[in-house]
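Reader: I am new to this structure and would like to learn how to read it, feature by feature. Could you take me through it slowly?

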Amino acid sequence: LYFAYCDMFRSVKDGCFKLIEYRNPICRTQLFDLKQDPCEVHDLSGDPAYADTIERLRAELMRLREEWEDENRPMSHAFWERF
């Protein structure tokens with residue numbers, strides 16, 4: 001799934017993990033293991049053990065950006081300029 005909200009964040013989720021990229025008003029990444037933490041309480045983005053998961057989900061985020069032509073939308077363009 002691909003989620004977008006104005007120029008504030010983009011998110012992607014697979015069967016196990018959810019990656020959220022914030023770019024307005026802050027730049028921040030969050031990663032949650034939805035099977036172990038369905039309420040999204042424990043952010044795993046700072047744990048080096050999940051670096052490959054973040055990289056994989058960021059690649060999926062970029063793929064979906066292209067598929068949905070998200071970068072070409074007025075509010076989305078501002079997000080992707082900060083990404």
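Author: Let us begin with a term that will be needed later: a residue is called buried under 20% relative accessible area, exposed over 50%, and partly exposed in between. Please keep in mind that this is a predicted model. With that cut-off, Glu40 is partly exposed, because its relative accessible area is 29%.

Reader: How should I read the strands, and in which order do they lie in the sheet?

Author: Strands of a sheet pair through backbone hydrogen bonds, either parallel or antiparallel. Here an open sheet of 4 strands has the order β1-β2-β3-β4, and the pairing is antiparallel. The edge strands are β1 (2–5) and β4, each of which pairs on one side only, and from one strand to the next the twist averages 10 degrees.

Reader: What joins β3 to β2, and what pairs with β3 in the antiparallel sense over 6 bridges?

Author: Strand β2 (residues 9–13) is joined to β3 by 5 bridges, and the hairpin between β2 and β3 passes through 3 residues. The strand that pairs with β3 over 6 bridges is β4 (residues 28–33), and this hairpin has 5 residues between its strands.

Reader: Is strand β3 mostly covered or mostly open, and which helices lie across the strands?

Author: Strand β3 (residues 17–22) is mostly covered, with 5 of its 6 residues buried. Helix α1 (residues 51–67) lies across β1, β2, β3 and β4, at about 70 degrees to β3, and helix α2 (residues 74–82) lies across β1, β2 and β3, at about 85 degrees to β2.

Reader: How many salt bridges does a search of the whole structure find, and what do they link?

Author: Side chains of opposite charge can pair when their charged atoms come close. The search finds 11 salt bridges, including that of Arg10 with Asp70, whose closest N and O atoms are 2.6 Å apart. Arg10 lies in strand β2 and Asp70 in the loop between α1 and α2, so this pair ties together parts that are 60 residues apart in sequence; both residues are buried.

Reader: Where do Lys18 and Glu40 lie?

Author: Their side chains meet in a salt bridge at 3.2 Å, N to O. Lys18 lies in strand β3 and Glu40 in the loop between β4 and α1, so the pair ties together parts 22 residues apart in sequence. Lys18 counts as buried at 17% relative accessibility, whereas Glu40 is partly exposed at 29%.

Definitions and conventions. Residues are numbered from 1 along each chain as its sequence is written. This is a predicted model: local features need pLDDT of at least 70, side-chain atom pairs count only at pLDDT 80 or more; totals for chains, interfaces and linings use all residues. Side-chain values use heavy atoms; hydrogens and water are left out. Buried means under 20% relative accessible area, exposed over 50%, partly exposed in between (1.4 Å probe, protein chains only). Helices (H or I, at least four residues) and strands (E, at least two) are DSSP runs, numbered from the N terminus. Two strands pair if DSSP finds at least two bridges between them. Axes are lines fitted to C-alpha atoms, for helices over the stretch in contact, and angles run from 0 to 180 degrees between N-to-C directions. Contact means heavy atoms within 4.5 Å. A salt bridge is a side-chain nitrogen of Lys or Arg within 4 Å of a carboxyl oxygen of Asp or Glu.
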